[in-house]
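Here's a quick walk through this model, meant to be read with the structure open beside you. Have a look first, then follow the notes topic by topic.

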Amino acid sequence: MDGDDYFDERDCPSFPLDVDDLLEKNQRLQRRICALGRKYAAAYKALEEAREALGYYANPLPFLQFPRGIRDQIYTYALQAPVTVRTHPIPAIYTSISVFKPPTPGMLLVNRQVYREAKEILYSRNTFAFSETKHMHDFLEQIGNENKDRIQSISFTVDYTRKPPHADPNHESGNEPHNWANILVNGDLKNITKMHVQGEIIDGAPWMLLVMDPVMEFAIKNVLQRSPGNEALRKLKLTGYNWNACKKFPQNWEIITKQWEEPDEEE
């Protein structure tokens, strides 16, 4: 079944447009934008005057003279996102759901020392979410091996809509279990200690719980057991799978099962 089969424009009702009403709303919006622009200009002018009066430009804040612990706290506030970080732009229709990137990643461009210090926080303190295997592949290729080794937490969605023999095992950029298993096993992620696996069937009922298949079971164990250290620190969250899936993994891991209709306190 092609993607076009999931959506039919005929299913969407059409409504006549009230042109006069749209013009009036547009004019109101333009007036608000102009008013906001004037307020911004006045506030910026007042701030600049205060900076000059206080000698801000004559005596700049010596950020790199702060203790490293203080700088790390600032990096954390600036670079740790409150939710999972999406490495690929999402459709505009979904942008109201949540923030999907760190607050100020541009901090890494300040200078070489800040870049060296801040990238440790950026990659180790965030959970990186992937909706497609291609997104993970491109991201890991882009950041390089050094930063790849800093990543400790990932989240991804596995598509169980198509089943063998309809699934294509040779299609490397799909989102089916064998595609994710392939990139996880061969992606050279060495320090993952936290993983969120979301299994879904497109257009499937929310109460349809999935069975953890051997391919994904092997890949999850393979990645989470690579990181050196205490096995008890491993955290695995499974969404959309039945409760028996927990029994397939080491019992000293912290394992959570969640269903799609349940609220998510973390995200």
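Predicted model: local features only at pLDDT ≥ 70, side-chain atom pairs only at ≥ 80, totals over all residues.

A residue is called buried here when its relative accessible area is under 20%, exposed when that area is over 50%, and partly exposed in between.

**Overall layout**

- The protein chain has six helices and six strands.
- Reading from the N terminus, the elements go α-α-β-α-β-α-β-α-β-α-β-β.
- Take the contacts between residues at least 6 apart in sequence: 69% of them join residues at least 24 apart.

**How α4, α5 and α6 sit together**

- Let's start with α4 (residues 133-148) and α5 (residues 177-186). The axes of α4 and α5 are 10 Å apart and pack at an angle of about 15 degrees. Angles under 35 degrees count as roughly parallel, so α4 is roughly parallel to α5.
- The crossing between α4 and α5 is left-handed.
- Which residues meet there? On the α4 side they are T133, M136 and H137, and on the α5 side N179, W180, I183 and L184.
- On to the next pair: the axes of α5 and α6 (residues 214-224) come within 9 Å and cross at roughly 20 degrees. That angle makes α5 roughly parallel to α6.
- α5 passes α6 in a left-handed crossing as well.
- For the α5–α6 contact, α5 supplies P177, H178, W180, A181, L184 and V185, while α6 brings V215, M216, F218, A219, N222 and V223.

**A closer look at α5**

- Which residues of α5 are buried? They are P177, N179, W180, A181, I183 and L184.
- What do those buried residues pack against? Their partners are β2 (127-130), α4, β3 (153-159) and α6.
- W180 and L184 turn up in the contact with α4, and both are also listed in the contact with α6.
- The C-alpha atoms of H137 and L184 are separated by 9.6 Å, and the two residues lie 47 apart along the chain.

**What comes after α5**

- α5 is followed by D188, which has a positive phi, near 60 degrees.
- D188 takes that positive phi although it is not a glycine.
- Where is D188? You'll find D188 in the loop between α5 and β4 (194-200).
- With a relative accessible area of 34%, D188 is partly exposed.

**Aromatic rings**

- How many aromatic pairs does the structure hold? There are nine.
- One of them is Y40 with Y44: the ring centres are 6.2 Å apart and the planes sit at 25 degrees, so this pair is stacked.
- Y40 and Y44 are four residues apart in helix α1 (residues 19-53), so about one helical turn separates them. As background, an α-helix has 3.6 residues a turn, so residues three or four places apart point the same way.
- Are these two tyrosines buried or exposed? Y40 counts as exposed at 58% relative accessibility, and Y44 counts as partly exposed at 45%.
- F130 and F139 make another pair, with ring centres 5.8 Å apart and planes at 50 degrees, so this one is tilted.
- Both F130 and F139 are buried.
- F130 and F139 also belong to one aromatic cluster, together with Y123 and F128.

**Cysteines**

- How many disulfides does the structure hold? The count is zero.
- C34 counts as partly exposed, because its relative accessibility is 44%.
- C246 has a relative accessible area of 19%, which is under the 20% cut-off, so it is buried.

How values were computed: Residues numbered from 1 in each chain as written. Heavy atoms only, no water. Disulfide = S-S within 2.5 Å. Buried < 20%, exposed > 50% of the residue type's maximum accessible area, 1.4 Å probe, protein only. Phe/Tyr/Trp six-rings, centres within 6.5 Å; stacked < 30°, edge-to-face > 60°. Helix = DSSP H or I, 4+ residues; strand = E, 2+ residues; numbered from the N terminus. Axes fitted to C-alpha atoms, helices over the stretch in contact; angles between N-to-C directions. Parallel < 35°, antiparallel > 145°, perpendicular 65-115°, else oblique. Left-handed = near helix turned anticlockwise from the far one by under 90°. Contact = heavy atoms within 4.5 Å.
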